[in-house]
Each structure stands twice: as structure tokens, then as C-alpha cells.
Amino acid sequence: MLNTAALVGFVATATPEAAKHFYGCVLGLPLVEDSPFALVFNANGTTLRVQKVERLSPAPYTALGWNVSDIRAAVQSLVAKGVAFQRYDGLHQDQLGIWSTPGGALVAWFRDPDGNVLSLTQSPGEA
């Protein structure tokens, strides 16, 4: 039934102005709407609703992620804009913070201003 419906992504913010700058200016997502309830962005055809909340306890796991064709270039571009990439104990990550999965995918994690964990993934064979 939902296999033909468009997916809408959700994440929350207690700091809407910081989130608006981060998702719009840093990540480059076009802002579609700024209402009292949410910031709405176009994420390459997928709607991303950044819900405005009073308080937020971010999940300790990835909330949103993007597939990229060149993870190293994407990481370097975001680092140049001030984004810090996460390091996790037990994962061997390279100097950019990129982890190679057992299946060959490359993954790097970063946080938005509210602490939501976001990721970049490059599938095996891409580059």
C-alpha cells in the first residue's frame, strides 16, 4: 500500500534558527516552509520536516542519512563549513572519520545543532 507513496522524513529541533541555518545553509537543502510547527526542506525530492519542539532528547542512533557518490568529498565539504564528524569506540575510522563496513560501504556520522545523529553513506562500488 505505501510502496508507491512518497516518504517524509522527520527530525526535531528546540533551536529552530540554528536548525534553519544548518539544514538550509550548511547542508544546502532548500527551505520550503517555516511555520510555527516545523521547518520544511526539500531533500532531493523527499520532504524533511524539522519539527519545532520545546525540549529535545536526541536519540543516540542515526536519525537521518544521505547516500552520496563520493563520501570523502562530501565529508571534506562539510568540514570546511564547520561540521565535526563523530568518532565511535570500537569502529576503525580513517582520518576523516569514515568507517568501512564489512560489506564495503563507507559511513561517516555528524550531528545537527540539536544533537541529532546524521550520516553519509557511500555504497560499495560507488566513486
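**View 1. Overall fold of the predicted model.** Two helices and eight strands form the secondary structure of the protein. Read from the N terminus, the elements follow the order β-α-β-β-β-β-α-β-β-β. The radius of gyration is 15 Å, close to the 14 Å that the globule rule gives for 127 residues, so the protein is as compact as a globular protein of that length. Along the principal axes, the C-alpha atoms fill a box of roughly 40 × 35 × 25 Å.

**View 2. The largest nonpolar core.** This core comprises 27 residues, and Tyr23, Leu27, Phe110 and Leu120 touch the most other members. At least two core residues come from each of helix H1 (16–26), strand S3 (38–43), strand S4 (46–52), helix H2 (71–80), strand S7 (106–111) and strand S8 (117–122). In soluble globular proteins, nonpolar side chains tend to be buried together.

View 3. Of the 127 residues in the protein, 39% are buried. Among contacts with a separation of 6 or more, 52% join residues 24 or more positions apart.

**View 4. Charged groups of the protein.** The protein carries 8 positive and 10 negative charges. The mean position of the positive charges and that of the negative charges are 2 Å apart.

Key
Residues are numbered from 1 along each chain as its sequence is written. This is a predicted model: local features need pLDDT of at least 70, side-chain atom pairs count only at pLDDT 80 or more; totals for chains, interfaces and linings use all residues. Side-chain values use heavy atoms; hydrogens and water are left out. Helices (H or I, at least four residues) and strands (E, at least two) are DSSP runs, numbered from the N terminus. The radius of gyration is taken over C-alpha atoms; the globule rule is 2.2 Å times the number of residues to the power 0.38. Buried means under 20% relative accessible area, exposed over 50%, partly exposed in between (1.4 Å probe, protein chains only). Contact means heavy atoms within 4.5 Å. Lys and Arg count as positive and Asp and Glu as negative; His and the chain ends are not counted. The place of a charge is taken as NZ of Lys, CZ of Arg, CG of Asp or CD of Glu. A nonpolar core is a set of buried Ala, Val, Leu, Ile, Met, Phe, Trp, Tyr and Cys residues joined through side-chain atoms within 4.5 Å.
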